[in-house]
Amino acid sequence: MGLVSLAAPMKVVLGTTDESPISEFPQKAAFALPSDVTCLNNARWHSMPVGAVRSVQRYLEAKAQDDPEAEELIHEIQEAPRVLFARLINARLGEISYVPSTMVGESLIVGGMGLPAAGGNVVTDALHFEGSLYLYQALARQGLDVRIVKPRDWRIELNDVAKFVDNKTKLVAVSLVSFINGFQHDLKAICDLAHAHGSYVYADIIQAVGAIPVDVRASNVDFCACASYKWLMGDMGLGFLYVRQDLLGRVVKRTQYGYRQLSQFQYHIFPLDEPGDSIVEWRQGESAAHFFEVGTYANATLACLAYSLNYILELGVERIQAHTQSLLQRVKRELPALGYEPLTPPGTKSPIATFVVKEPHAVARRLAARKVDVSITGHRMRISPSVYNDDRDVDRLLEALSG
């Protein structure tokens, strides 16, 4: 199929909320956050828009009441998010598969490429997701040559990646935006480097898509995956896997099998069945969904995404990024003066800023007392504003941290 375009809204896509004009920031009225709570922790999981909650409720009520239109509604919520997500990352519809999580998507790529049995090496970096580092180091114990690039000044330098990539490299696996400190790769440069050596690139985009522009055509990335509960404003249990169409079946094989992969299935043993030489005959489809989907979907999450993805597209990812950057620029400017050393490289345009915290327990208590929500892990404090935050939220953060 060609590049998708969003035509008339599907019935389940309720449009944007009527409480907050879509052209204005902050989008506080589009969410149900209490007025006395300051949430700057959207890289953990993002609050659902009010409209998304209504979309989920509509699905649940239709199912609970055995509504005659429930089957049509379910079909719509199962189709809409795939179309919307393809538009969001500039992909073809046939290149998008639903997956239960980001890690499932990455594991399907690694397994589908036949690693570690296929030999060669994998190059990744220390700012990639911790579950991914576990994946590759576990495969290293099975004989896979795994090469991990260390950060310098809390960024991964392309020249350092180039030292590890060679003509035996099967896969370069990175997080487009690091969950640790928000460092963002130049994905096009990574792909150019890998492709020059005949290797492929997987990108974890969970901390990127919905918050910064992601264009799979412009970057020429081979594979990417994400869950939906962060910047896509969805929920756990369902995400997306992108695989470039020409790689399906050639570079990445099926490793799991289920009825979602079938384009045709015919019995030949029951009354009035067409006669045949076998008990059943079947045919597999050729889209990414037909390669990687196996069974049932998380329909409630799909109902949420049918709204939230449309909401994000209407807001515009470039405008979302500009809004969050205006807040993070102030955070990055003022926190070092309060004694918090930055771990996020200068010039970063991702939605995450991370700082060193010398006394994490004391800082966490001060923040909690003022109902300011950020992420503190070990001695790292991660701040991640979104569409509903404004300068008053930054004021509350600074007041708590300077207390």
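Quick definition before I start: helices here are DSSP runs of H or I, at least four residues, strands are DSSP runs of E, at least two, and both are numbered from the N terminus. With that in hand, take Asp153, which sits in the loop between strand 4 (145–149) and helix 5 (158–164). Its phi is positive, about 55°, although Asp153 is not a glycine.

Okay, housekeeping. This is a predicted model, so local features need pLDDT of at least 70 and side-chain atom pairs count only at pLDDT 80 or more, while totals for chains, interfaces and linings use all residues. Residues are numbered from 1 along each chain as its sequence is written, and side-chain values use heavy atoms, with hydrogens and water left out.

So, the overall picture. The chain has 12 helices and 14 strands. Its radius of gyration is 23 Å, close to the 22 Å from the globule rule for 403 residues, so the chain is as compact as a globular protein of that length. For the record, that radius is taken over C-alpha atoms, and the rule is 2.2 Å times the number of residues to the power 0.38. Along the principal axes, the C-alpha atoms fill a box of roughly 80 × 55 × 35 Å.

How much of the chain is buried? Buried residues come to 52% of the 403, where buried means under 20% relative accessible area, exposed means over 50%, and partly exposed is in between, with a 1.4 Å probe and protein chains only. The accessible surface of the chain is about 18000 Å², and carbon and sulfur atoms own 52% of that. Those areas are Shrake-Rupley, again with a 1.4 Å probe, and for residues only the protein chains shown count as cover.

On to contacts, meaning heavy atoms within 4.5 Å. Take the contacts between residues at least 6 apart in sequence: 73% of them join residues at least 24 apart.

Charges next. There are 40 positive and 45 negative side chains, and the centres of the two sets lie 7 Å apart. Lys and Arg count as positive, Asp and Glu as negative, and His and the chain ends are not counted. Each charge is placed at NZ of Lys, CZ of Arg, CG of Asp or CD of Glu.

Now the inside. A nonpolar core is a set of buried Ala, Val, Leu, Ile, Met, Phe, Trp, Tyr and Cys residues joined through side-chain atoms within 4.5 Å. Which residues have the most contacts inside the largest one? That core has 74 residues, and the answer is Phe85, Ile89, Ile205, Val209, Leu232 and Phe240. Apart from it lies another core of 26 residues, with Leu135, Leu139, Tyr200 and Phe292 among them. Going back to Val209, and skipping residues up to four places away in sequence, it touches Phe85, Leu88, Ile89, Val214, Cys226, Trp231 and Leu232.

Helix 3 (residues 102–112) has its own buried set: Thr102, Gly105, Glu106, Leu108, Ile109, Val110 and Gly112. After helix 3 comes Gly114, with a positive phi near 80°. Then there's a cis peptide bond between Leu115 and Pro116, omega about 5°, and Pro116 lies in the loop between helix 3 and strand 3 (121–125). Another cis bond joins Phe25 and Pro26, with omega about 0°; Pro26 is in the segment before strand 1 (38–39).

Back to positive phi. Leu272 isn't a glycine, yet its phi is about 70°. You'll find Leu272 in the loop between strand 9 and strand 10 (280–284). Is Leu272 buried or exposed? Exposed, with a relative accessible area of 89%. Asp153, our opening residue, counts as exposed too, at 68%.

Strand 9 itself covers residues 262–267, and Leu262 is in it. Leu262 is partly exposed at 28% relative accessibility. Not counting residues up to four places away, Leu262 touches Trp282, Arg283, Gln284, Gly285 and His290. Its C-alpha is 56 Å from that of Ala400, 138 residues apart along the chain.

Ser375 is in strand 13 (residues 375–377) and is buried at 14%. Beyond its neighbours within four places in sequence, Ser375 is in contact with Asn41, Arg380, Met381 and Arg382.
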